[in-house]
Amino acid sequence: MSCNADELFPLLGNSANATAAATYLCDRFKTVTYAVDTTYLLFSTYLVFAMQLGFAMLCAGSVRAKSTMNIMLINVLDAAAGSLSYYLFGFAFAFGAPSNPFIGHHFFALKNVPSSSDAGTFDYSLFLYQWAFAIAAAGITSGSIAERTKFVAYLIYSFFLTGFVYPVVSHWFWSVDGWASPFKTDNLLFGSGAIDFAGSGVVHMVGGIAGLWGAFIVGPRIGRFGGGSGGSVILRGHSGSLVVLGTFLLWFGWYGFNPGSFLTILKPYGAPGGFYGQWSAVSRTAVTTTLAGSTAALTTLFGKRMLVGHWNVIDVCNGLLGGFAAITSGCSVVEPWAAIICGFVAAWVLIGFNKLAELVKYDDPLEAAQLHGGCGAWGLLFTGLFAKERYVGEVYGSGRPYGLFMGGGGKLFAAQVIQILVIFGWVTALMAPLFLILKAVGLLRISSKDEMAGLDLTKHGGFAYVYHDEDDPSQRPPQFMTTRVEPTSITPERQSNNV
């Protein structure tokens with residue numbers, strides 16, 4: 001929202017004092033605008049960071065109880081390790097401007113931040129917001145390799161993913177200099193650039209594909225496949241309550257993830273003084289996010305009921321999150337009715353990929369690769385099909401290609417396909433060798449003895465709480481758990497009473 005002194009001073013009287021007054025008022029107005037937009041971005045950041053708690057609860061509920069402390073610690077360290085790597089390298093690789101189309105090379109360790117130039121305004125609030133996205137990608141991967149991976153492997157991949165793999169992808173599609181970014185001023189990919197507004201590809205596909213290779217290389221959990229009939233055995237998570245709690249926390253955080261990706265809110269669309277502006281687009285984005293997730297949840301509910309004959313809250317929660325992952329790309333440029341289509345298809349994408357994973361004996365305790373990778377890819381295609389011309393113009397600039405099904409031709413859809421292919425190729429080229437190296441040097445998978453006993457007992461000092469995994473017939477009743485250490489001394493009075 002701009003303030004022009006040349007337009008303002010005639011209203012104050014054509015004099016030198018009026019000109020000075022107009023300039024003064026405009027300068028103060030710009031300061032207020034920066035303050036409001038920064039507050040909005042920080043509030044969105046806090047919502048996105050709250051998703052880490054959602055990931056932690058979802059992961060804890062989806063694994064067996066004997067691995068609860070392990071997966072909770074991993075979620076904490078994803079955020080902690082990601083903080084340092086993104087501060088030192090990640091933000092610079094992603095948004096260090098001016099830069100080349102492939103990678104950024106300014107702002108290492110936030111040097112020269114805050115700053116403002118033709119490339120944009122870079123403040124601490126932007127770093128913090130983008131950091132919250134980076135650690136979300138790492139959190140996705142941790143679920144895929146849960147229950148059988150060595151602790152040091154988590155630290156290595158998390159630091160590498162948030163410090164280099166993810167930032168380069170976000171540079172390509174979100175930086176003003178990225179080769180496929182819709183924010184470039186010239187030489188746009190297919191005259192459009194790839195539209196991935198909040199990260200169906202940049203965040204969800206990156207995390208999901210990294211998890212895909214991690215789970216494939218580390219192998220399935222003991223007992224997951226090769227049962228008595230040679231088929232699969234469902235190793236149920238120990239707490240549906242934690243899964244539901246985590247899902248609602250993620251749902252809550254998604255209102256910072258998607259609407260917050262506008263980064264600012266005080267921007268009018270059209271003549272100043274109107275009721276319609278970026279604040280309206282923010283609200284619409286929240287609506288499309290809600291409808292896509294809700295539709296996916298209901299579709300999964302009835303779809304799984306038809307396929308397996310019962311209602312399953314875990315499946316519904318995963319379906320809901322799949323709808324959110326899919327709509328994240330086009331949430332700002334599609335109509336609410338289109339978001340319903342997005343959620344409906346996303347549910348079947350998740351169901352289909354889960355069936356395929358079972359057929360090829362792929363084990364992902366949280367369905368992270370199927371959910372974030374598969375539904376994220378569908379979300380990119382969906383945007384290329386249903387992006388509306390008016391909304392694309394408001395968010396990215398007028399005259400851009402828009403959705404194929406909306407009459408905008410195939411250029412945007414082609415850019416979306418390119419994004420899917422390059423993300424899959426980039427993450428595969430870097431993360432698959434990393435996991436193979438970790439496996440070769442013995443740093444990837446824990447021993448079968450430790451896996452059967454549970455990581456909580458063998459690596460973390462005891463179980464989170466007393467439990468019994470009904471799906472593990474070899475398990476004996478727990479003999480060790482983490483407890484509060486109490487004083488053991490007995491007073492003379494109590495000793496006499498015991499006698």
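Which residues does V203 touch, not counting residues up to four places away in sequence? V203 touches F133, A136, A137, I140, Y166, W174, A198 and F257. The model is predicted, and every contact below belongs to that model.

**The core**

V203 sits in the largest nonpolar core, which has 127 residues. The residues with the most contacts inside this core are F91, Y166 and V203. Y166 is also one of the residues that V203 touches. Helix 4, residues 124-144, gives the core its largest share, 12 residues.

S125 lies in helix 4 as well. S125 has a relative accessible area of 9%, so S125 is buried. Beyond its neighbours within four places in sequence, S125 is in contact with T38, L41, L42 and T45.

**Helix 10 and its two partners**

Helix 10 packs with helix 8 and with helix 9. Two packed helices are described by the angle between their axes and the distance between the axes. The table gives both values for each pair.

| Helix pair | Angle | Axis distance |
|---|---|---|
| Helix 8 (residues 278-308) and helix 10 (residues 336-359) | about 40° | 7 Å |
| Helix 9 (residues 313-327) and helix 10 | about 125° | 8 Å |

Start with helix 8. Angles under 35 degrees count as roughly parallel, and 65 to 115 as roughly perpendicular. The angle here is about 40°. Helix 8 and helix 10 are therefore oblique to each other. Helix 8 passes helix 10 in a right-handed crossing. By class, the residues of this contact are 13 nonpolar, six polar and one charged. On the helix 8 side, the contact is made by V287, T288, L291, A292, T295, A296, T299, T300, G303, K304, M306 and L307. They meet P336, A339, I340, G343, F344, A347, W348 and I351 of helix 10.

Now helix 9. Roughly antiparallel needs an angle over 145 degrees, and the angle here is about 125°. Helix 9 and helix 10 are therefore oblique to each other. Their crossing is right-handed. This contact has six nonpolar and four polar residues, and no charged ones. Helix 9 brings N318, G319, G322, G323, A326 and I327 to the contact. Helix 10 answers with A339, C342, A346 and L350.

A339 links the two contacts. A339 meets helix 8 in one and helix 9 in the other.

**Two further sites**

Is Y396 buried or exposed? Y396 counts as buried, because its relative accessibility is 8%. Y396 is found in helix 12, residues 389-396. Its contacts, leaving aside neighbours within four places in sequence, are P182, F183, I195, F197 and V333. V333 is 63 residues away from Y396 in sequence. In space, the two are 9.6 Å apart, C-alpha to C-alpha.

L88 lies in helix 3, residues 68-95. At a relative accessible area of 32%, L88 is partly exposed. L88 is in contact with F108 and A109, leaving aside its neighbours within four places in sequence. How far is L88 from G163 in sequence and in space? The two are 75 residues apart in sequence and 7.7 Å apart in space, C-alpha to C-alpha.

Key: Residues are numbered from 1 along each chain as its sequence is written. This is a predicted model: local features need pLDDT of at least 70, side-chain atom pairs count only at pLDDT 80 or more; totals for chains, interfaces and linings use all residues. Side-chain values use heavy atoms; hydrogens and water are left out. Axes are lines fitted to C-alpha atoms, for helices over the stretch in contact, and angles run from 0 to 180 degrees between N-to-C directions. Helices (H or I, at least four residues) and strands (E, at least two) are DSSP runs, numbered from the N terminus. A crossing is left-handed if the near helix is turned anticlockwise from the far one by less than a right angle, and right-handed if clockwise. Contact means heavy atoms within 4.5 Å. Ala, Val, Leu, Ile, Met, Phe, Trp, Tyr, Cys and Pro count as nonpolar, Asp, Glu, Lys and Arg as charged, and the others, Gly among them, as polar. Buried means under 20% relative accessible area, exposed over 50%, partly exposed in between (1.4 Å probe, protein chains only). A nonpolar core is a set of buried Ala, Val, Leu, Ile, Met, Phe, Trp, Tyr and Cys residues joined through side-chain atoms within 4.5 Å.
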